[in-house]
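Please read these points with the structure open beside you.

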Amino acid sequence: MVEAFNYSQELKQYLHRIIRRVDGLYAIIVSDRDGVPVIRAATENVPELALRPGFLATFSTGTDQASKLGLSRNKAIVSMYTSYQVVQLSKLPLILSFVASSQANTGVLLGLENELSDLLKDIKAAVDITVSQ
Amino acid sequence: MEEALDKVLDDTMNMPGVTGVLCTDKLGLCLGARGNAPAHSSGLIATLANHAKALEANAEAPPIVCLESDSGNILIRAKDGITTAIYKVPSGP
């Protein structure tokens, strides 16, 4: 139990390091399909609404609908707002979400997918074990 | 729609010493890539150009960034909201 807690703290620190490195990035959230956060790292700049499961879960519906457009399975959705942008990536059974300033570099956020792939693999394995138990 | 851009990218690729070319917008979203220029590096390329520009905010012409390594050189320049990166073979000793 203590080990799991330490590991989760380490993951959070890793995500915070990425947030500090990328200009305008406010939060990284790894959640399940229902928007329930598995792990998240956020600064005080992020709007509280963007961290709620209700907000994060809208991606599941969006990606399902976008997959019906005949362009094969949808992988990512970028939502631009006046002050913020939200980049969400489908990593079933997980969702990777970035909340950032609208001025932040969207390409860098999309590129973080490669960097976080190992971390997601670990979390996915843990989620699969939990589901099968 | 992007025929003109495709032609420029193809023409650039045919220049001597060029191994790859990439164009990105100011948000780092890739507009086109050829050769060994990875499309997922568009964000980093746009960031490099922006940071270089911030170093010389009063300069009339946008700066050209040159990244030199043993495996090759990358030339980056931002102009009119478009950032272009050209990947070249390594320069001689």
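**Notes on the model**

1. By class, 6 nonpolar, 10 polar and 4 charged residues line the largest pocket. Ala, Val, Leu, Ile, Met, Phe, Trp, Tyr, Cys and Pro count as nonpolar, Asp, Glu, Lys and Arg as charged, and the others, Gly among them, as polar.

2. This is a predicted model: local features need pLDDT of at least 70, side-chain atom pairs count only at pLDDT 80 or more, and totals for chains, interfaces and linings use all residues. Residues are numbered from 1 along each chain as its sequence is written, chains are lettered from A in the order in which they are written, and side-chain values use heavy atoms, with hydrogens and water left out.

3. The largest pocket holds about 460 Å³ of space. Nearest its centre lie V22(A), D23(A), N105(A), V108(A) and T47(B). α3(A) gives the largest share of the lining, 6 residues. α2 (42–55) of chain B also supplies at least two.

4. The second largest pocket has a volume of about 200 Å³. Its lining has 3 nonpolar, 1 polar and 5 charged residues. β4(A) gives the most, with 3 residues.

5. Helix α2 of chain A runs over residues 53–66. Which of its residues are buried (under 20% relative accessible area, 1.4 Å probe, protein chains only)? They are L56(A), A57(A), F59(A), S60(A) and T63(A). Seen down the axis of α2(A), these fall within an arc of 125 degrees (directions from the axis to the C-beta atoms), so they line one face of the helix. Their cover includes β1, β3, β4 and β5 of chain A.

Key. Helices (H or I, at least four residues) and strands (E, at least two) are DSSP runs, numbered from the N terminus. The expected span of a helix is 1.5 Å times one less than its number of residues. Buried means under 20% relative accessible area, exposed over 50%, partly exposed in between (1.4 Å probe, protein chains only). Contact means heavy atoms within 4.5 Å. On a 1 Å grid over the protein atoms alone, a cavity is a set of points where a 1.4 Å probe fits but cannot get out, and a pocket is an open set with protein on both sides within 12 Å along at least five of seven lines; lining residues have an atom within 4 Å of a point. Grid points are joined across faces, edges and corners, and a volume is the space filled by probe spheres set on the points.
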